[in-house]
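Dear colleague,

Please find the structure below for your records. My notes on what was found in it follow directly after.

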Amino acid sequence: MLPRSPASLRPLRWARGFSSSSSPSPSASAAEGKIVASVVFERLPVVIPKISPVVYAFQEFSFRWRQQYRRKYPDDVLGKAEARGKGDYQIDYVPAPRITEADKANDRKSLQRALDNKLYLLLYGKTFGTPDGKPVWHFPEKVYENEDTLRLCAESALKSVLGGLDNTYFVGNAPMAHMVAEQTALKRFFFKSQVIGTTKLDIGKCEDHVWVTKDELLEYFPEHKALFDKMIIHIR
């Protein structure tokens, strides 16, 4: 059974809240009115997703329909076009496999998996505002302190995990979503960042980490499905 994410978080407008009758823990009291910048760090698809049979059938029909009205060229013109580019060289194209060794081993720590999907980085460990200070799955995040902007706070959160931001790209200056803790008014603002120019990253400052697809992400945060349906599925 997967450990739960930070408890009692209520995304504004996007999902129903989660009530609790228990008294706030010491960590919850410390979170009173705090602001946290979280980073949804994603790896974009590496290969084009397979076309569904319905889409393929439509494309095939569209092609055959257009062929009825294509312009016909004289044979001598077509002959010249076919003669271009002929030579003694030959290129053997072998497509890369879609299923990698990481897929076969279900190695969620590897970026070399689910190549036709987006992957999202999750960390396992202690983070701000968790019940009783227990380790949980969470996005890279940091409490806002004295940074000039909340975006800089988010950058600092990701930098502390990766050791630098050389292979990252933050999408925009504004957060993509936010959620509020019911009992403590702890506010989490989510920023979107992407992996660029690398196939391997050294993840630190956590007990464990995983790279998960959209569907796998919901396994780690079942209580926040409504939020992530809006925040991640909506922005594909």
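Leaving aside residues up to four places away in sequence, His-209 is in contact with Lys-109, Leu-121, Leu-122, Leu-123, Trp-137 and Ile-203, where contact means heavy atoms within 4.5 Å. His-209 belongs to strand β9, which covers residues 208-212. His-209 counts as buried because its relative accessibility is 12%; buried means under 20% relative accessible area, exposed over 50%, and partly exposed in between, with a 1.4 Å probe and protein chains only.

Please note that this is a predicted model, in which local features need pLDDT of at least 70 and side-chain atom pairs count only at pLDDT 80 or more, whereas totals for chains, interfaces and linings use all residues. Residues are numbered from 1 along each chain as its sequence is written, and side-chain values use heavy atoms, with hydrogens and water left out.

As to confidence, the protein chain has a mean pLDDT of 82, and 79% of its residues reach 70 or more; pLDDT is the predictor's confidence in each residue, from 0 to 100. For residues 3-26 the pLDDT is below 50, and this stretch has 64 contacts in the model beyond near neighbours in sequence. Where pLDDT is low, the predicted coordinates should not be read in detail.

The protein chain contains seven helices and nine strands. These are DSSP runs numbered from the N terminus, with helices being H or I of at least four residues and strands being E of at least two. Of its 236 residues, 37% count as buried. Among contacts between residues at least 6 apart in sequence, 71% join residues at least 24 apart. The chain exposes about 15100 Å², of which carbon and sulfur atoms supply 54%; accessible areas come from the Shrake-Rupley method with a 1.4 Å probe, and for residues only the protein chains shown count as cover.

Phe-58 sits in helix α2, residues 53-67, and is exposed because its relative accessibility is 56%.

Turning to the cysteines, the count of disulfides is zero, a disulfide being a pair of cysteine sulfur atoms within 2.5 Å. Cys-153 is buried, with a relative accessible area of 0%, while Cys-206 is partly exposed at 27%. Cys-206 is placed in the loop between β8 (187-195) and β9. Apart from residues up to four places away in sequence, Cys-206 touches Leu-123 and Tyr-124. The C-alpha atoms of Cys-206 and Leu-123 are 6.2 Å apart, although 83 residues separate the two along the chain.

Two backbone angles deserve a check. Most residues other than glycine have a negative phi. Asn-106, however, has a positive phi near 50 degrees, and Ala-114 has a positive phi of about 45 degrees. Asn-106 lies in the loop between α4 (101-105) and β3 (119-125), and the place of Ala-114 is likewise in the loop between α4 and β3. Asn-106 is partly exposed, with a relative accessible area of 46%, whereas Ala-114 is buried at 12% relative accessibility.

With kind regards
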